[in-house]
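The following exercises are to be worked through with the sequence and the structure at hand. Each task is followed by a solution in steps.

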Amino acid sequence: MTTGPTPTTTPVPAPSQAPHPDGERLRRWRLVLGGDQADGTGCALSGRDAAMDATLAALYGKGDKPPTGRDRSAGLGASAPSVARWLGDIRTYFPSSVVQVMQRDAIDRLGLASLLLEPEMLAAVEADVHLVGTLLSLNKAMPETTRETARAVVRKVVDDLEKRLATRTRATLTGALDRSARVSRPRHRDIDWNRTVAANLKHYLPEYRTVVPERLVGYGRAAQSVKKEVVLCIDQSGSMAASVVYASVFGAVLASMRSISTRLVVFDTAVVDLTDQLDDPVDVLFGTQLGGGTDINRALAYCLSQITRPAETVVVLISDLYEGGIRDEMLKRVAAMKASGVQFVTLLALSDEGAPAYDREHAAALAALGAPAFACTPDLFPEVMAAALEKRPLPIPDTV
């Protein structure tokens with residue numbers, strides 16, 4: 001009798017051998033809660049998890065709680081070398097977006113802004129818009145040994161923003177300018193075929209299945225002369241740091257378009273015209289001075305004095321509207337601009353963070369004048385400007 005090979009059986013692990021279904025959840029909660037005696041996880045960390053926990057402990061350890069035997073207590077102290085090591089650690093263990101949040105928290109919670117005045121520290125940080133805002137607020141206190149490193153950090157962020165925003169902004173605004181300058185005897189390459197067909201539908205010949213265009217509609221040639229004027233009026237109080245960065249980049253992009261004459265004005269209780277520096281947004285940013293009070297009325301008075309073609313001008317006020325000047329005069333100036341034909345746009349912020357804290361009474365008063373105030377993301381800004389240039393309703397976000 002012939003027998004075949006003995007069948008083999010793949011062992012099936014007992015239920016107790018399978019990973020605990022809540023193991024990963026407990027691990028995450030342990031990292032969040034920090035290992036306090038009351039965390040309730042009963043989960044121990046080792047290896048990479050323990051190292052990650054130490055970097056979190058250095059920043060978020062004590063909070064407002066009294067210290068306990070197992071409380072996180074590493075701390076960063078005021079030592080630049082230890083902070084530089086910590087910055088390297090968080091870049092090892094966390095993605096860039098998380099690193100940027102932790103850097104901001106370290107500056108706010110542990111008062112590390114002064115350490116950013118050291119070149120070695122600046123070389124170790126993850127550069128982003130918020131870091132640029134912090135550096136600009138420290139600009140006047142920055143020693144010469146640090147200034148060039150700081151400019152290099154700011155330059156990197158500005159270059160990245162220009163790559164992201166410039167092409168779409170130019171394309172969107174060029175289209176808006178062309179549409180606002182249609183001509184009736186266009187060159188062949190300037191014909192707007194969609195509008196031409198629509199204007200000549202009554203000349204449709206069924207036997208030839210075609211339209212005979214008796215009237216051509218075309219785009220104007222926007223590149224040959226200045227068609228519109230744009231004034232960016234930017235509140236440089238401390239809360240507007242990210243908006244100042246984005247507005248400076250957009251200002252440089254607009255200034256590079258020959259069909260738009262761009263003016264950039266920053267203000268706190270004083271007004272500074274930075275138009276002559278628009279060819280380099282880094283120079284613009286280092287020409288600002290974040291912090292201080294706010295006098296919107298004075299800034300608008302200056303902008304009004306610079307307007308020579310009201311019907312062809314767009315004024316963009318970027319401010320949280322906490323006015324320290326004369327409120328009634330501010331509103332009168334906005335009303336005067338609109339009455340003269342100026343397109344007036346009020347942005348509470350120009351950043352990715354959404355609507356900031358702002359003066360709701362002033363926002364309501366501006367809305368009553370036909371100048372609604374709303375927060376705008378950098379991605380939406382080209383559409384807002386295109387609508388203003390074409391004098392059509394602004395694409396106000398639904399969250400307003």
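## Exercises on contacts and the sheet

D128 is buried, with a relative accessible area of 8%. The model in which this value was computed is a predicted one.

**Exercise 1.** Determine which residue forms a salt bridge with D128, and describe where the two partners lie.

*Solution.*
Step 1. The partner is R104, and the closest N and O atoms are 3.3 Å apart.
Step 2. R104 belongs to helix α4 (residues 96–110), whereas D128 belongs to the loop between α5 (119–124) and α6 (129–137); the pair therefore ties together parts that are 24 residues apart in sequence.
Step 3. Buried means under 20% relative accessible area, and exposed means over 50%. R104, at 27%, therefore counts as partly exposed, whereas D128, at 8%, is buried.

**Exercise 2.** Describe the salt bridge between R164 and D379, and state which residues form one network with it.

*Solution.*
Step 1. The two side chains meet at 3.4 Å, taken from N to O.
Step 2. R164 lies in helix α7 and D379 in the loop between β8 and α14, so the bridge ties together parts that are 215 residues apart in sequence.
Step 3. R164 is partly exposed at 40% relative accessibility, and D379 is partly exposed at 43%.
Step 4. Through salt bridges that share partners, R164, D352 and D379 are joined into one network.

**Exercise 3.** Find how many aromatic pairs a search of the whole structure gives, and classify the geometry.

*Solution.*
Step 1. The search of the whole structure finds 1 aromatic pair.
Step 2. The ring centres of F250 and F381 are 4.5 Å apart and the planes stand at 40 degrees, so the pair is tilted.
Step 3. F250 lies in helix α9 (residues 241–255) and F381 in helix α14 (residues 381–390), so the pair ties together parts that are 131 residues apart in sequence.
Step 4. F250 is buried at 0% relative accessible area, and F381 is buried at 2%.

**Exercise 4.** Give the order of the strands in the open sheet, and identify its edge strands.

*Solution.*
Step 1. The open sheet consists of 6 strands in the order β5-β4-β3-β6-β7-β8, with mixed pairing.
Step 2. β5 (271–273) and β8 (373–376) each pair on one side only, and these are the edge strands.
Step 3. Strands β7 (residues 343–350) and β8 run parallel and are joined by 4 bridges; L350 stands opposite C376 in β8.

Conventions
Residues numbered from 1 in each chain as written. Predicted model: local features only at pLDDT ≥ 70, side-chain atom pairs only at ≥ 80, totals over all residues. Heavy atoms only, no water. Pairing = 2+ DSSP bridges. Helix = DSSP H or I, 4+ residues; strand = E, 2+ residues; numbered from the N terminus. Phe/Tyr/Trp six-rings, centres within 6.5 Å; stacked < 30°, edge-to-face > 60°. Buried < 20%, exposed > 50% of the residue type's maximum accessible area, 1.4 Å probe, protein only. Salt bridge = Lys/Arg side-chain N within 4 Å of Asp/Glu carboxyl O.
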